Amino acid sequence: MLKESTLMRAFRFTMDAEGGETYTNDPRDPGGPTKYGVALNYNLGTIPDKNGDGKITALDVRMLEEADALVIYRDRYWRPGKCDALPDALALAHADTLYNIGPGAAPRILQRAVNACGLGIAVDGKIGPATITAIRSLEDDGRLGDLLRAQAAERLYYYRTRPGWPVYGRGWQARTQRCFDTCMALAVATQEATDKDSNSPHGKAAGEGAVAIRKPDKRANGYRAMLGGE
């Protein structure tokens with residue numbers, strides 16, 4: 001059996017978090033009619049004309065299939081967000097943030113997380129060479145786990161600033177926690193597989209560092225406090 005791609009792993013996580021094929025039209029949600037996490041008001045330019053009437057409406061959202069959602073996920077969020085250039089665990093975290101929060105804020109969340117880990121890159125919303133180089137530097141230094149914690153902290157901080165927090169905050173918080181836990185587990189598994197393949201006598205020690213046994217900076221460490229953890 002072929003190994004599931006990083007894209008498909010991230011897609012499956014996001015679809016589960018979004019409720020899959022369940023159609024919703026919550027009047028409190030500015031996104032409007034939604035299925036597979038594809039909200040009509042935020043995706044008018046990407047939702048296909050499923051009934052062929054020349055208009056994109058709630059009916060087209062109702063008719064969406066998972067294959068349509070995958071194309072939107074890949075072409076509007078994954079690829080423009082440069083997820084393929086990121087470590088697998090971080091790619092999942094960033095992709096889910098892109099999909100749920102949007103391609104405007106999510107890159108800045110990631111860049112602020114990089115800076116929370118002690119680097120100083122521009123928070124310009126563009127995941128370019130400087131951002132990717134900084135991320136790889138943290139990974140090489142065994143601080144991918146720190147970065148995952150910081151990204152989760154910045155994501156939760158962003159949610160808390162949104163007007164929808166009183167209504168959706170508990171769900172956003174739970175999703176951030178699940179995403180963080182999933183990504184940390186993936187980081188551990190990836191490092192263990194790398195260590196096993198490399199057969200290096202010092203590989204295990206390097207792997208332990210790579211999942212952020214070290215404490216992150218104060219703001220990232222505050223993530224646990226915000227969630228009521230340690």
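Which residue just after α6 takes a positive phi? That residue is Gly142, with a phi of about 75°. Before we follow the chain around it, a word on the ground rules. This is a predicted model, in which local features need pLDDT of at least 70 and side-chain atom pairs count only at pLDDT 80 or more, while totals for chains, interfaces and linings use all residues. Residues are numbered from 1 along each chain as its sequence is written, and side-chain values use heavy atoms, leaving out hydrogens and water.

Helix α6 covers residues 129-140, and its 12 residues, at 1.5 Å a residue, should span 16 Å, which agrees with the 16 Å between its end C-alpha atoms. The expected span is 1.5 Å times one less than the number of residues. Thr131, Ile132, Ala134, Ile135 and Leu138 are the buried residues of α6, where buried means under 20% relative accessible area, exposed over 50% and partly exposed in between (1.4 Å probe, protein chains only). Looking down the axis of α6, you will find these buried residues within an arc of 160°, so they line one face of the helix; the arc is taken from the directions from the helix axis to the C-beta atoms. They pack against α4 (88-101), α5 (106-116) and α7 (144-160), contact meaning heavy atoms within 4.5 Å. On the other side of α6, Pro129, Ala130, Thr133 and Asp140 are exposed.

Now to the aromatic rings. The structure holds six aromatic pairs; rings of Phe, Tyr and Trp (its six-membered ring) pair if their centres lie within 6.5 Å, with planes under 30 degrees apart counted as stacked, over 60 as edge-to-face and the rest as tilted. Tyr73 and Tyr99 form a tilted pair, because their ring centres are 5.1 Å apart and their planes stand at 50°. Since Tyr73 lies in helix α3 (residues 66-78) and Tyr99 in helix α4, the pair ties together parts that are 26 residues apart in sequence. Tyr73 is buried at 1% relative accessibility, and Tyr99 is buried at 6%. Ring pairs also link Phe11, Tyr73, Tyr77 and Tyr99 into a cluster.

Finally, the cysteines. The structure holds zero disulfides, a disulfide being a pair of cysteine sulfur atoms within 2.5 Å. For Cys179, the nearest cysteine sulfur is that of Cys183, 4.0 Å away, which is too far for a bond. Cys179 is buried, with a relative accessible area of 2%, and Cys183 is buried at 1%.

Note on methods:
Helices (H or I, at least four residues) and strands (E, at least two) are DSSP runs, numbered from the N terminus.
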